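Student: I have a model open with several chains in it. Could you take me through one part closely, namely how the chains and their domains meet?

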Amino acid sequence: MSGARIRGWIKSRVGARLIGAASALALIGLVELAIRAGMINRFIVPLPSEILTAIPRIIVEENVLHRFWQTMQEMLWASLLLAGVGILLGAVLHRFRIMRLACETWVGALAAAPIVLMYPLFLVIFGRSATTIVMIGFAAGLAPVILKTLEGLAGTRRVLLDVGRSFKLTSWQQFWKILLPAALPSVFVGLKLGLIFAMINIVGVEFLINFGGLGQLINELAERYDLPGTYGAICFVILTSVVFFATAERLERFLRPGE
Amino acid sequence: MMVEPSRLSGAATEVIDSRDSRLLDVDRVSKRFVTSEGPITAVDDVSFSIAPGEFVSIIGPSGCGKSTLFNIVGGLVGDYEGRVTVAGDTIRGTHPAIGMVFQEESTFPWRTVVENVAFPLEIAGMSKQDRIERAEHFVAMVGLRGFERRYPAELSGGMRQRVALARTLASEPRILLMDEPFAALDEQTRLLLGDRVLQIQQTLKQTTLLITHNLTEAVQLSDRVLVMTYRPGRVKRVVDIHLPHPRDSEVVSSDAFGHYVAEIWHDLREEASRGIRDDESRVLEGRPRR
Amino acid sequence: MNHGADTIAAGAATGRRVTFVRVVIITLVLGGWEALSLSGWLFRDVVPSLTAIARAIGRLLANADFYSNLGITVGEIGVGLLIGGICGLATGILLGANRFLSRAYESLIYYLGPTPKIIFFPVMIMWFGVGSGSKIAMGVVSCFFPIAISAASGMRQIDRVLILVGRSFRATTWQMVSKIYLPAMREPVVNGVRLGLGVAIIGTLLAETKLSNRGMGYLIIQAYSTFDMPRMYALLIVLFVLSIGANAVIGRFGGAGMRKA
């Protein structure tokens, strides 16, 4: 291959991605060597090879699948709450214009607030249980769902509403047949955002209160000073999070082609 | 300057001027691109030169490679065949002797008019007081005195292009290179701006190379017009404009003006038609748009 | 035809109605709260009376101890945001400027962004100890990603021609960055910093609640373990007010002084 074609391949999407991945692996390899050579303290950073072998071990010993399912259950409940309550509130705010004007900035401020820091409060109210975790996930993800629902409904093109009025649709029909379908893309974006926030907070709180699924796993392994296990579990959770996020993105692109 | 159509290639080549006072010399420049359809030649063996103080326009249909030429002469694009020299110095990347005015909106929206114009002076390290003073001089030159502290968002499109022009003039380039700077403006504004540009050019004796698709503009402003062919872009014809200086936009009504326009249109029309036919066949054959 | 005056009058009337509705909502919420507290329906301490909360806030703000802890937390967040911000900005600019680097590494940052950073805390403790170091590290790790991502996309949405202008005037790399890139991407970067501040606050505070003997997070957990509910509410309220305020201040900073063409 000529020099120009090699350069072209390197710069292409596929080529660059592979080189990026390869360089990351090379870095890990370097870390492995550095630890073996004693340059990095192996009681602070375990050998990457050990981390790799730790992963199947914890999957078997620590019942990872069960824990994963626990986290997923919490996610599911949080999602249902988010979809039901969030979309409803968004629709209500849209329906009553004065409410929207009064509350929209408050919801925006809520989106920026560190809701998860209230977890000790939720612990008191709901106890050390899955309910606490679900509630925090719900609370953390609520604001974007409301805001995006509102945005979607409000952004419906005027002319579509005029068409509805020209056919003498009732308010109810107008909402179900025109507003909601028009707002659906935005609503999905809001749900995606809400779910991402929810998941981050759910796993985080599991870790903090040492209860639940994957987050608790990391905490336990850390308290046992199982270094390779802890790092391995962290990698596993990252993987889960990445897969989740990527799926959400795919879904969004599927539902909103051309965006 | 004599023109001899070469019987071999059908392109016009220039006989070397005996004065040999070439500030800008473009020597056998060709540029090829690799596209999804295979290699295309944007510019094919183009040669010309510009003497100090001359105003030269390059006119052609879209797709004739004139923007490519602009980028080549300005040093923004490398990897071409041939050579471009400024006062004997070969161009390798951007050259301080060449100032560029772009077609798109290029004023910095976060800077006031005078701050925009002072930009090249700031880059060169001039002190704040000096460069503001210098910039104000050029702001006045383009007729925007009083607007120094305004932001581009407050100005009209034509005024913004004047700011861009002032900014480039402030760097006092030996060659002013402009790529259809007035393309976005309406005809009347163009004519009046053209007047002003010509006035400035004559006052400063600024050597200028203008890329345009506008016939009237080319004839109104230039000493010489180079007509390009549709892809691959070659110099089809060179027309000397012997209209008297000082000129203003009134000149558009003169007979001589009409003759020049007709002469240029005669060649340009053929190339423009080829461009349109190519566009149409692309749609029919399902090839990608240009 | 006096549409102008009519619209202005209508606008003012709406403004008054909005204020009225807000006051009503706030009154209902506070009233409902107090009623709930007095009724003893949930066990009383979970919903302390408003006066109890108010007194707790008062005691909190009068206590020097509170301010020293607040100072520690603010310091940790500040340093974390500074380090994470500069690294994120530099990384984002690099990725935005160079298509190869972007294709090779940007997905990595993009997909690592939405992971819960608190799970890195055990590792941070091992690397940086149990003191402020690990909390700052949490802040850095948290805010790096949103800032890098917004800087990278901010770079790409810069009008190409502005970069060409810089090149045509032969600006040095540093001049390009300071005089063209940064001003041009001010708005997306400020939004990224707002987001970064938000997650840095969360990351640092959660770390403090998990393992610390100083800082706001520590105070919150302390209130939890002593079951001093009014104090916990007071702490949370103060925290929220400060966070929302800081966010608003940064937002103001991003909007002013920038005119779009």
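Tutor: Happy to. In chain A, domain 1 covers 1–40 and domain 2 covers 58–255; such bounds come from an automatic or database domain assignment. Their centres, taken over C-alpha atoms, lie 36 Å apart. A word on conventions: this is a predicted model, where local features need pLDDT of at least 70, side-chain atom pairs count only at pLDDT 80 or more, and totals for chains, interfaces and linings use all residues. Residues are numbered from 1 along each chain as its sequence is written, while chains are lettered from A and ligands numbered from 1 in the order in which they are written.

Now to the chains. Two residues are in contact if their C-beta atoms, placed from the backbone, lie within 7 Å. Chains A and B do not touch, with 11 Å between their nearest C-alpha atoms.

Let's look closely at where chain C meets chain B: 15 residues of chain C are in contact with 19 residues of chain B. On the chain C side, α7 (160–168) and α8 (173–184) are the elements that give two or more residues. Helices here are DSSP runs (H or I, at least four residues), numbered from the N terminus. The most comes from α7(C), with six residues. By class, this side of chain C has nine nonpolar, two polar and four charged residues; Ala, Val, Leu, Ile, Met, Phe, Trp, Tyr, Cys and Pro count as nonpolar, Asp, Glu, Lys and Arg as charged, and the others, Gly among them, as polar.
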